[in-house]
Every structure is written in structure tokens, then in C-alpha cells.
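Hello,

Here is the structure we talked about. Please open it first, then read my notes below.

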Amino acid sequence: MSAAPKVIVTRRLPASVEAALRERFDVELSRRDEPTNAEGLQRVLGQADGLLSTVTDRLTAEVLAAYPIRTRIIANFGVGYENIDLPAAQAHEIVVTNTPDVLTDCTADLAMTLILMTMRRAGEGERELRSGRWLGWRPTHLMGARVAGKVLGLVGMGRIARALARRAHHGFGMRVLCFDPSPPSPVELAAVGAEPRATLAALLAESDVVSLHCPSTPATRGMMNAARLAQMKPGAFLINTARGDVVVDDAVIAALKSGHLAGAGLDVFRGEPNIDRRYLGLENAVLLPHLGSATRETREAMGFRAIENLAAFFDGRTVPDRVV
Ligand code: 8YV
């Protein structure tokens with residue numbers, strides 16, 4: 001029998017996932033649990049047959065130009081994979097995989113959490129209470145916006161957006177619109193209670209809450225700029241559980257300050273974890289530290305999904321979640 005493939009893991013993973021990796025591979029686990037810099041990643045690419053990476057590993061074309069490269073598969077832990085330069089991976093004949101499906105429900109739950117927290121001013125309320133500023137119940141205290149009956153506009157209509165549509169429409173009585181250049185079938189849309197709109201501008205103009213569910217690509221980076229925000233209804237809410245660079249921070253901050261946006265619920269940021277500090281002073285922003293998929297069940301399932309991709313590759317089977 002040939003030796004087990006060498007797999008290097010860049011971050012700490014749930015214990016059950018690390019145990020399964022130890023059983024299956026000659027594995028080097030992360031002890032420091034810190035992002036690996038370009039030099040560290042190049043070392044790993046020279047030593048590992050398989051790399052289990054995360055969103056914090058920037059596998060750019062320069063990093064992937066390392067020589068010699070031993071790595072034949074990068075199993076990214078996450079559904080998003082914009083941290084990896086796919087053409088460069090392809091040029092070096094490295095297979096790239098992601099972990100879709102298993103994080104859909106939990107990420108949709110977190111988007112719904114942000115909608116509720118933002119519209120109902122839950123962050124403001126918690127800060128007030130914890131700081132001893134609560135004066136007691138009164139009819140005009142921290143009045144937010146009613147959720148039921150409002151229009152939710154989904155930008156991108158993939159798995160997570162559809163799961164959010166189902167929750168928002170069937171659970172919270174919202175009317176749901178969506179815009180996606182390649183929309184799901186009318187049957188799929190009807191099942192989750194969503195109506196398509198032909199353009200992003202039309203969606204933005206009609207929505208009380210806009211929630212972003214597109215990947216970070218050259219086409220979507222900076223998409224929610226000042227002009228797009230101006231197309232939103234005055235007093236609307238913006239929710240981002242996708243990627244921070246889909247919005248232009250200057251524009252979002254200006255709109256939150258002017259009140260054109262009544263609130264924003266943000267789980268993802270450009271340059272995480274060094275976010276634009278101006279957000280910290282804005283009472284009408286709910287800010288979470290990239291928690292979309294952060295449940296024990298989902299993080300375990302993501303780990304096992306990455307293991308299955310690695311195992312299939314090294315066994316010579318069809319790799320289930322191959323991106324390239
Ligand atoms: C992960 C995510 O926490 O899957 C994604 O794309 O944003 C999150 O679920 C993160 O990417 C882990 O690498």
C-alpha cells in the first residue's frame with residue numbers, strides 16, 4: 001500500500017474533523033490557528049499533496065507561482081473561494097474544491113438574524129441596557145420597523161438566498177423579490193415564495209430590505225456603490241452576509257449617516273478583521289464577525305465535506321465539489 005497523502009491544514013478545525021483527518025491522511029494540523037502569510041503558503045504548497053485552506057489564506061497567482069509545487073488539490077473550507085486565483089490554480093493543474101450545501105441553512109439563519117436585529121434595533125437596545133442607560137419601558141422607546149409585510153430584495157438567488165426567501169416569506173410574512181442574472185426556474189422561485197425582477201435597479205427601487213447573496217467576483221466587487229444605494233428606497237435596510245468587497249464602505253457609511261439607509265446588518269467586511277472603524281460609531285449598523293456558517297454542526301459538516309473532496313481525489317474517484 002502506498003503512503004497516505006500528506007495534507008496540511010491551515011487553521012484549527014472542530015476536534016471531530018481533525019480526528020478524521022488524522023485517521024485518513026498524513027496530516028499536519030494547525031497549532032497556531034493564525035492566517036498563513038504568502039511565504040508560509042508557499043512552504044505548504046511545496047510540502048503537501050493536499051491543502052485544506054480557508055477564506056483567510058490568500059492563494060494568489062504570485063503565491064501559486066511557488067516552485068516546486070507538490071500540492072495537487074486545494075480543498076477550501078467554505079462555499080466562497082475568491083481567496084484562490086482559479087486561473088493560476090488551473091495553470092498549475094491544481095484541483096480546487098469548496099463546501100456548498102452544508103452551510104446553507106445556518107447562513108440563511110444568520111441573514112434573517114441580521115434582518116431582525118437591524119429592523120428591530122436589537123444591537124442598540126442591548127448596548128443601552130448593558131451600559132446602564134435604560135430608563136424603563138415607554139411607548140416611544142427604540143421604535144424599529146415592522147418586519148411582516150415588508151419587501152425583501154435578494155441580490156443573487158443561489159442556495160442561501162433561496163433558504164432566506166423561504167424563511168422570510170413563509171416564516172415572517174415578507175414579500176420577497178430577487179434579482180439574479182441566471183435566475184432559478186419559476187417553479188423553484190414559487191416554492192420559496194420569490195418573484196424575480198429583470199434588473200438590479202428595479203429590485204433596489206422596490207425593496208424595503210436588500211440582502212446580498214452574490215459571490216465576490218470582478219463583476220460584483222464594489223457593486224453596491226453610492227449610485228446603487230441611491231436607487232434604494234429612502235429608509236431601507238441593507239444586509240450583507242456575502243462578501244465585504246461587494247459594498248463600497250464610503251457609500252454605505254454615508255448613507256447610514258444621512259439616514260438614506262435606516263440600518264445595515266453586516267457580517268462580512270473588506271479587509272477582515274481590520275474593518276473600516278467608522279462603522280463602530282454608527283448606532284444603526286449591526287456588526288457581526290463573519291458568523292454566517294459558525295455553528296458546531298455546520299463547521300463539522302464543512303470539515304467532513306472538505307475531507308470527502310480530498311479523499312475522493314486521492315482515491316481517484318469523482319471529486320464532488322470541484323470548482324476547477
Ligand atoms: C466561512 C464563508 O466561515 O463559506 C463561506 O464562503 O464565508 C463562511 O462560511 C469561511 O469562508 C471559512 O473559510
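Predicted model: local features only at pLDDT ≥ 70, side-chain atom pairs only at ≥ 80, totals over all residues.

Residues are numbered from 1 along each chain as its sequence is written, and side-chain values use heavy atoms, with hydrogens and water left out.

Seven residues from domain 1 and six residues from domain 2 make the contact (heavy atoms within 4.5 Å).

Together the two domains bury about 530 Å². Buried area is the accessible area (1.4 Å probe) that two parts lose on being put together, summed over both. Carbon and sulfur atoms give 45% of it. On the domain 1 side, Glu82, Asp101 and Thr298 supply 67% of the area buried against domain 2, more than any other three residues.

How many salt bridges cross the interface of domain 1 and domain 2? The rule finds two (a side-chain nitrogen of Lys or Arg within 4 Å of a carboxyl oxygen of Asp or Glu). Arg159 and Asp101 form a salt bridge through their side chains, at 3.8 Å from N to O.

**Around the ligand**

Which residues surround the ligand? They are Thr54, Val55, Phe77, Gly78, Val79, Gly80, Leu103, Arg243, His290, Ser293, Arg299 and Met302 (each with a heavy atom within 4 Å of it).

Now look at the oxygen atoms of the ligand. A polar backbone atom of Val79 is 2.7 Å from one. For Gly80, a backbone N or O atom lies 2.8 Å from a ligand oxygen. His290 uses its side chain: a polar atom there lies 2.7 Å from an oxygen of the ligand. On its own, the ligand has 320 Å² of accessible area, and the protein covers 91% of that (Shrake-Rupley method with a 1.4 Å probe; for residues, only the protein chains shown count as cover).

Best wishes

Conventions. Polar contact = N/O pair within 3.5 Å; in protein donor to acceptor, adjacent residues only side chain to side chain.
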